[in-house]
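Welcome to this structure. Here are some notes to read alongside the sequence and the 3D view, taken point by point.

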Amino acid sequence: MPAHASTSRSDTSPLTERQEERRRRILRASAQLAGRGGFDAVQMREVAEASQVALGTLYRYFPSKIHLLVATMQDQLEHMHGTLRRKPPAGETAAERVAETLMRAFRGLQREPHLADAMVRALTFADRSVSPEVDQVSRQTTAIILDAMGRDDPTPAQLSAVRVIEHTWHAALISWLSGRASIAQVKVDIETVCRLIDLTEDEEGR
């Protein structure tokens, strides 16, 4: 991923090594504060203090708390992607591998429920000004699913299936966080929607 891809600065030139390190400190501080106290615990002044950057500098990287938390989710997914690449899913079919991957990602978020809640709330509250950060989250999720499928050249039908799977995963996460769905229900829903992948592969083979 280009160094500048998920920064919110108006300058789109690549971050220097020092700027990238500063950005990483900000994202770590955001994740730690959210992990301890959820959405309300992430206050820009406290993030600035925890990451040892000036408040004005923080706002140059992330114009709002919503920008910051959505970027934090993209960062968490990127780390998750690295872990999944080191230990890829073992399912025989693409649908099984994607379901296993998404449940592993889900369980990772389950271990940090306050952080998960803060990031999902930020995604829900995001308006058009946060589109670049939201797009990064979507692209990262798509990349995770395509890796699990073993596809780097998906057909339009497969990309459509991936989008539906992403929507279902996001909705399942919201339902679980709000106490409306159990982990068992989430697993069934994820496995059900992942069968769309088999349908698109059957169509491709005709």
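1. Let us start with a pair of charged side chains. Arg-85 and Asp-147 join their side chains in a salt bridge, with N to O at 3.0 Å; the term stands for a side-chain nitrogen of Lys or Arg within 4 Å of a carboxyl oxygen of Asp or Glu. Arg-85 belongs to helix H4 (residues 65-86) and Asp-147 to helix H7, so this pair ties together parts that are 62 residues apart in sequence. Helices here are DSSP runs (H or I, at least four residues), numbered from the N terminus. Arg-85 is exposed, at 57% relative accessible area, while Asp-147 is partly exposed, at 40%. The cut-offs are under 20% relative accessible area for buried, over 50% for exposed and in between for partly exposed (1.4 Å probe, protein chains only).

2. A word on where the values come from. The model is predicted, so local features need pLDDT of at least 70 and side-chain atom pairs count only at pLDDT 80 or more, whereas totals for chains, interfaces and linings use all residues. Residues are numbered from 1 along each chain as its sequence is written, and side-chain values use heavy atoms, leaving out hydrogens and water.

3. How many salt bridges does a search of the whole structure find? The search finds 8. In general, side chains of opposite charge can pair when their charged atoms come close. Glu-20, Glu-21, Arg-24 and Arg-28 are linked by such bridges into a network.

4. Two further salt bridges lie within single helices. In helix H5, Arg-104 pairs with Glu-100, with the closest N and O atoms 3.7 Å apart; these residues are 4 apart in the helix, so about one helical turn separates them. Arg-104 is partly exposed at 23% relative accessibility, and Glu-100 is partly exposed at 29%. In helix H6 (residues 113-125), Asp-117 and Arg-121 are also 4 residues apart, about one turn of the helix. Their closest N and O atoms are 3.9 Å apart in a salt bridge. Asp-117 has a relative accessible area of 25% and is partly exposed, and Arg-121 is partly exposed at 29%.

5. Now for how helices pack. Two packed helices are described by the angle between their axes and the distance between the axes. Helix H5 (residues 94-110) packs on helix H7 (residues 131-149) at an angle of about 140 degrees, with the axes 8 Å apart. Axes are lines fitted to C-alpha atoms, for helices over the stretch in contact, and angles run from 0 to 180 degrees between N-to-C directions. H5 is therefore oblique to H7, given that angles under 35 degrees count as roughly parallel, over 145 as roughly antiparallel, 65 to 115 as roughly perpendicular and the rest as oblique.

6. Which residues of H5 and H7 make the contact? From H5 come Ala-94, Arg-97, Val-98, Thr-101 and Leu-102, and from H7 come Ile-144, Ile-145, Ala-148 and Met-149. Contact means heavy atoms within 4.5 Å. By class there are 7 nonpolar, 1 polar and 1 charged, where Ala, Val, Leu, Ile, Met, Phe, Trp, Tyr, Cys and Pro count as nonpolar, Asp, Glu, Lys and Arg as charged, and the others, Gly among them, as polar. Thr-101 is buried, at 3% relative accessibility. Leaving aside residues up to four places away in sequence, Thr-101 touches Leu-84, Pro-89, Ile-144 and Ala-148.

7. The contact includes Val-120 of H6 and His-170, Leu-173, Ile-174 and Leu-177 of H8. Val-120 is buried, with a relative accessible area of 4%. The C-alpha atoms of Val-120 and Val-70 are 8.0 Å apart, although 50 residues separate the two along the chain.

8. Finally, please look at the loop between helix H2 (44-51) and helix H3 (55-61), where Gln-52 is found. Gln-52 has a phi near 60 degrees, a positive value in a residue other than glycine. Most residues other than glycine have a negative phi. Gln-52 is exposed, with a relative accessible area of 66%.

Notes
Helices (H or I, at least four residues) and strands (E, at least two) are DSSP runs, numbered from the N terminus.
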